[in-house]
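Here is a short briefing on one protein model. Look at the sequence and the structure first, then read the points below.

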Amino acid sequence: PQVPGAQAHTGRAYLSRSPSSHTASLGRFPSYVARVSHPPGLAAQQGSSYVMLMRLFLVAAGLLIVVSATTCPTDGSGYSYSETVTGQTRAITYQACPNHAWKAVNPNQAQYSTMQTINVPAYPTLVGSGVSYAQTADLKAQGGNVGVLFNGAAIFSPFGGPRYGTVTGYANAAVNGEGSTFDSCNCHSSQGSDSYHCHAPPVCLLKQLNETKATHSKQVGWASDGFPMYGPYGAGGVAMKTCSSTQTFGTDVCTNADGGHYGALSGTDSYTFRYYIKGPTCATSLNTLQPITSAFTFAAEYHPHTPTGYYGCCPTGVACSLRTLPACTTGGTVNGYVTGMTPTPMYTGADALTTMCDSSFATGQGGAGETTGSGCSAASVGFTLNTCDTSTTAAASPPPPPPPASTTTAAPPPPTASATRSVVHGAVVALLIVIACFAVV
C-alpha cells in the first residue's frame with residue numbers, strides 16, 4: 001500500500017501472504033507467494049526487465065522441484081559408507097541412509113539425494129596450548145551436518161532450529177524440545193534430503209559395536225574438525241558430564257562446556273582430544289533399553305548431549321567441509337594426536353558395517369515390528385544394550401580398527417517406484433510453473 005505523500009516505488013517484486021491475480025506458489029512454502037506489481041505508468045522496458053527476472057526466478061524454482069529425493073529403505077538396505085585417507089585428508093563417502101530399520105516418528109522421512117562426501121583433517125590440529133584450547137567453531141546456532149556416524153547418520157548439534165533459537169542451555173536444546181520424535185535408535189530426520197541425524201547417543205550403533213559395561217564407549221564417528229566422536233561413557237565406564245567446580249578439565253573424567261575432552265587415552269585412540277555424545281543409554285540396575293523419551297537419557301545434567309563447539313582448525317591442503325571451521329595459522333597451534341600416529345580408514349570395504357537388524361520401536365511409536373526386505377530377513381525384535389547388563393561377563397570386543405582397505409563403494413539401491421513417481425511428479429509441476437511464469441504480463 002502507498003504511504004500518503006510518499007513517492008511511489010514501482011515495479012517491485014516481493015513476497016506476500018495476500019491473494020493476487022499474478023501469484024505463484026514457492027516450493028514447500030505455500031503460505032508465501034511471489035507477486036509482481038504493475039502500477040500505472042510503469043515504463044514498458046522497466047516492467048519487461050522485472051517480469052523477465054521473475055520468470056527466471058520461477059524457472060529456477062521449478063528446476064529445484066525436479067531434483068527429488070528418494071526415501072531410504074526402511075529396512076536399512078540403503079546404507080553405504082567408506083573412507084579414504086590421502087595425505088592430510090580423511091574423505092568420508094556415504095549415502096545418508098542408516099544401516100538399521102527406521103521409522104518416521106515426526107512428519108519427516110529419511111531421504112537421500114546422492115552420495116555425500118565429507119572431508120575432515122586426517123591429522124587434526126588444536127588452537128592454543130596445554131588445556132587452554134580455543135573454541136574454533138561455535139555450534140550453538142549451527143544447523144545441519146557437523147559430523148558423520150559410522151552407520152550413515154549425521155551428527156547434529158543441540159541446535160533445533162530457529163523455533164528454539166541459539167542454544168543457551170538444556171531448556172532450548174533439541175533433546176528437550178524434540179526428544180519425543182526420536183526413533184528407537186535415538187535419531188530422526190528434518191525437512192529435505194540427506195538429513196537423518198542424531199542429537200543423542202546412537203543406541204543401535206552402540207549395540208552393533210558391542211558397547212560393554214564399565215568400559216570406555218566405542219568410537220561412533222568423526223567430528224568435522226577430524227577428532228573422534230564417542231558414545232556417552234568415558235574411561236572406566238564413567239557417564240560423561242561437563243566438569244563440575246570440583247573437577248579439573250584435562251585431568252578428571254569429564255568434558256569442557258562444549259562436550260570435548262583433552263588428554264591422551266592409551267588403548268582407546270591416538271588423539272589428544274575427542275568429543276562425546278552424552279546421556280547414559282540405560283540404567284545400571286536394569287537389563288532393558290530405556291524408553292527413548294526417558295528423562296534418564298535426556299537429563300539436563302548431561303547437556304550438551306552433542307557438541308556445542310569444536311576446537312580443531314582446518315590445516316593447509318584440506319578442503320574442510322564444515323565451512324565455519326577456520327584455517328590453521330602458522331603459530332599458536334598444536335598437534336591433536338600423539339607422535340607416530342598413522343590414520344587409517346575405518347569401516348571400509350570388507351570391514352564395513354553390516355545391516356543392523358535388531359532395531360525396534362518403543363510403545364507409542366508404531367509397535368515393535370518394521371518393514372523388512374533385502375536388509376533384514378526377519379522382523380526386528382529389539383535388543384538389550386550390553387552396558388545395561390548387570391552380570392560381570394562383558395560382551396566380545398569388536399575387531400580392532402581395520403587397516404587400509406579397498407575403498408570401493410557399493411552401488412546405491414535403485415530408486416523405488418514411489419521415488420520415481422515423485423521425480424515425474426516434480427517434473428510435471430516444474431513444467432506447469434514454467435508455463436505459468438511465461439504467462440505473467
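The points below cover disulfides, a cavity and a sheet.

This is a predicted model, in which local features need pLDDT of at least 70 and side-chain atom pairs count only at pLDDT 80 or more, while totals for chains, interfaces and linings use all residues. Residues are numbered from 1 along each chain as its sequence is written, and side-chain values use heavy atoms, with hydrogens and water left out.

**Disulfides**

- A disulfide is a covalent bond between the sulfur atoms of two cysteines.
- The structure holds 6 disulfides (pairs of cysteine sulfur atoms within 2.5 Å).
- One of them joins Cys-187 to Cys-198, with 1.9 Å from S to S.
- Cys-187 sits in strand E14 and Cys-198 in strand E15 (residues 196-198), so this pair ties together parts that are 11 residues apart in sequence.
- Strands (E, at least two residues) and helices (H or I, at least four) are DSSP runs, numbered from the N terminus.
- The link of Cys-187 and Cys-198 is right-handed, with 70° about the S-S bond.
- Are Cys-187 and Cys-198 buried or exposed? Cys-187 is buried, and Cys-198 is buried too.
- Buried means under 20% relative accessible area, exposed means over 50%, and partly exposed is in between (1.4 Å probe, protein chains only).
- A disulfide also joins Cys-243 to Cys-254, with 1.9 Å from S to S.
- Cys-243 and Cys-254 lie in the loop between strand E17 (228-230) and strand E18 (260-262), 11 residues apart.
- The link of Cys-243 and Cys-254 is right-handed, with 85° about the S-S bond.
- Why does Cys-243 count as buried? Its relative accessibility is 18%.
- Cys-254 counts as buried because its relative accessibility is 1%.
- Cys-313 and Cys-328 form a disulfide too, with their sulfur atoms 2.0 Å apart.
- Cys-313 is in strand E21 (residues 312-313), and Cys-328 is in the loop between E21 and strand E22 (333-335), 15 residues apart.
- The link of Cys-313 and Cys-328 is right-handed, with 100° about the S-S bond.
- Both Cys-313 and Cys-328 are buried.

**Cavities**

- Rolling a probe the size of a water molecule over the atoms shows where empty space is left.
- How many cavities of 30 Å³ or more does a search of the whole structure find? The search finds 2.
- A cavity is a set of points, on a 1 Å grid over the protein atoms alone, where a 1.4 Å probe fits but cannot get out; lining residues have an atom within 4 Å of a point.
- Grid points are joined across faces, edges and corners, and a volume is the space filled by probe spheres set on the points.
- The second largest cavity holds about 40 Å³ of space.
- It is lined by 13 residues, and the closest to its centre are Lys-103, Ala-104, Val-105, His-188 and Ser-189.
- Strand E14 (residues 187-189) gives the most to this lining, with 3 residues.
- By class, the lining of the second largest cavity has 6 nonpolar, 5 polar and 2 charged residues.
- Ala, Val, Leu, Ile, Met, Phe, Trp, Tyr, Cys and Pro count as nonpolar, Asp, Glu, Lys and Arg as charged, and the others, Gly among them, as polar.

**An open sheet**

- An open sheet is formed by 3 strands in the order E5-E6-E8, with antiparallel pairing (two strands pair if DSSP finds at least two bridges between them).
- Strand E5 (80-86) and strand E8 (116-121) stand at the edges with a single partner strand each, so one side of each has no neighbour in the sheet.
- Strand E6 (residues 89-95) and E8 run antiparallel, joined by 6 bridges.
- Tyr-94 has Gln-116 in E8 as its bridge partner.

Note on methods:
1 Å grid on protein atoms, 1.4 Å probe; cavity = no way out; pocket = protein on both sides within 12 Å on 5 of 7 lines; lining within 4 Å.
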